[in-house]
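Here is a short briefing on aromatic rings and their neighbours. Keep the sequence and the 3D view at hand.

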Amino acid sequence: MINNIVEILFKNAEKHPEKLAIIHKKEKVTYRKLAQDVKEYAQYFLSKGIKKGDNVLIFVPMTIELYKILSAIFYIGATAVFVDAWADKNRLDQALTIVPCKAFIACPKAFILKLISKKVRDVGINIISGKIRKTKKNIEIEPATSDTTALITFTTGSTGLPKAAKRTHEFLLEQHYVLKKHLAPQENDVDLASLPVFVLHNLACGTTSVIPDFNPQKPADINPKKISNDIKNNKVTTSVGSPRFYEKLADFGEINGLKRIFTGGAPVFPKSAKLLQEKFINCNVEIVYGSTEAEPIASISTRELLDFKGDVKDGLYVGKPIDDINIKIIKPSDKVIEDFESMWLPTGEIGEICVEGKHVLKEYYNSERAQNFAKIHYNMQVWHRTGDAGYLDNDGNLFLMGRVKNRFEHKGKEVYVFPIENALLEIDGIKIGTVLKLDKEIIIAIETKIPQGKIEQELRNKNFEFDKVVITKIPRDPRHNSKIDYDKLKKILS
């Protein structure tokens, strides 16, 4: 029985040892060499005092070295802990208070964090990536079990405090199995993976990953020519990334060679879907809806989305939920759910999307408040509150309306932002926009080069309701640079 995703990596190394596992810039590694290095790194970490169950903070760029380190940590049953590279001192200290770490593995540049954060300074075992060497010791490895925590990452909580998403080896395997079923990788696929976790998935699939020549911290600042060369030179057939990544790549012009693209992590409205479908020639573009805690939930091709004849007020169509997940829509609430059944809404009514399945995160690490709010225990199952508003229609199609917390009341009705954001994008010259209610005023915030007076008149002509229009640079989430950062926008407008 396989308990650890690294066991699949080792099997793939036996099956096709000389096949390329990862390509990054001019560096390449075969499955055989990768497996060998993972075992040597594991011995080195054990010799330094890292053992099963220890939390290890990792600050290493998205390189081949990162996946040698990460796989070795999984192999010995330790837990890899990742804090976003853009995290400031407060977020870093909050994260390490929630998840105290025994070891710190980082590139030389990241050791500056020890000057910034006492929490990082207090970590006892320090290892510089790139300096890991073969050790003469051969320490017996205590195998990781399915319930061993493999990976902890952080997602922003509704209170602003980071939530520690705890992924066990069982969870990683279940997520891998579901992704493999729905992404259907082919044996000879070469995948351009701009989202770090998907390289792990590819290693378990036995396919080749190409890490694009870009800074993952700034996915919107890619050099399209470099990425296009990565695709051409490595004969890339598939790719996984954020919508913003592909939109920037599409700015370069038509892209040939790719057969399939999977994009997610942010809403993809029809305007973006049309751009991707036009620019990626003879390529099937699949939009995946999911979250840190549940990936995937539903999916739809750009062609299906563009062929859908609904109205913009219907919300964002994201396809049918996958077979491996259960969905309930519940009444929107800012409180802990005590009686789950009493909160269920009938088909067609808008509420919060809740999901349950083997690949749905069951637990946050040392985050009791987040656990109580986001997880619902019902009939021996753990349901996850996504925080997304949406509904199911009579045909079982899922529609998104925006984040539950961004809804507001106007003239006795609940207003959700996605239908309005979609309608704004249909106006030529609007790059991105949204609607908020601040101090009883309805404010439409838009990123555009259209003059103020002209855009206000255009909005009135199209029957938008508002008290004020603000033209501004719309802040986006630092992780994917694709979603609107509503909290930051509210601060700007205030």
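Which residue lies over the face of F373? R385 does, at 4.1 Å from the ring centre. The model is predicted, so local features need pLDDT of at least 70, side-chain atom pairs count only at pLDDT 80 or more, and totals for chains, interfaces and linings use all residues. Residues are numbered from 1 along each chain as its sequence is written, and side-chain values use heavy atoms, with hydrogens and water left out.

**Charges over rings**
- A charge sits over a ring if NZ of Lys or CZ of Arg is within 6 Å of the ring centre and within 35 degrees of the ring normal.
- K328 lies over the face of W344, at 3.9 Å from the ring centre.

**Aromatic pairs**
- Rings of Phe, Tyr and Trp (its six-membered ring) pair if their centres lie within 6.5 Å; planes under 30 degrees apart count as stacked, over 60 as edge-to-face and the rest as tilted.
- The whole structure holds 17 aromatic pairs.
- Y317 and F399 are stacked, 5.2 Å centre to centre with 25° between the planes.
- Y317 lies in strand β15 (residues 316–317) and F399 in strand β21 (residues 398–403), so this pair ties together parts 82 residues apart in sequence.
- Strands (E, at least two residues) are DSSP runs, numbered from the N terminus.
- F340 and W383 have ring centres 5.4 Å apart and planes at 55°, so this pair is tilted.

**Burial and clustering**
- Buried means under 20% relative accessible area (1.4 Å probe, protein chains only).
- Y317 and F399 are both buried.
- F340 is buried at 3%, and W383 is buried at 7%.
- F214, F245, Y246 and F280 form one aromatic cluster.

Technical notes: Helix = DSSP H or I, 4+ residues; strand = E, 2+ residues; numbered from the N terminus. Buried < 20%, exposed > 50% of the residue type's maximum accessible area, 1.4 Å probe, protein only.
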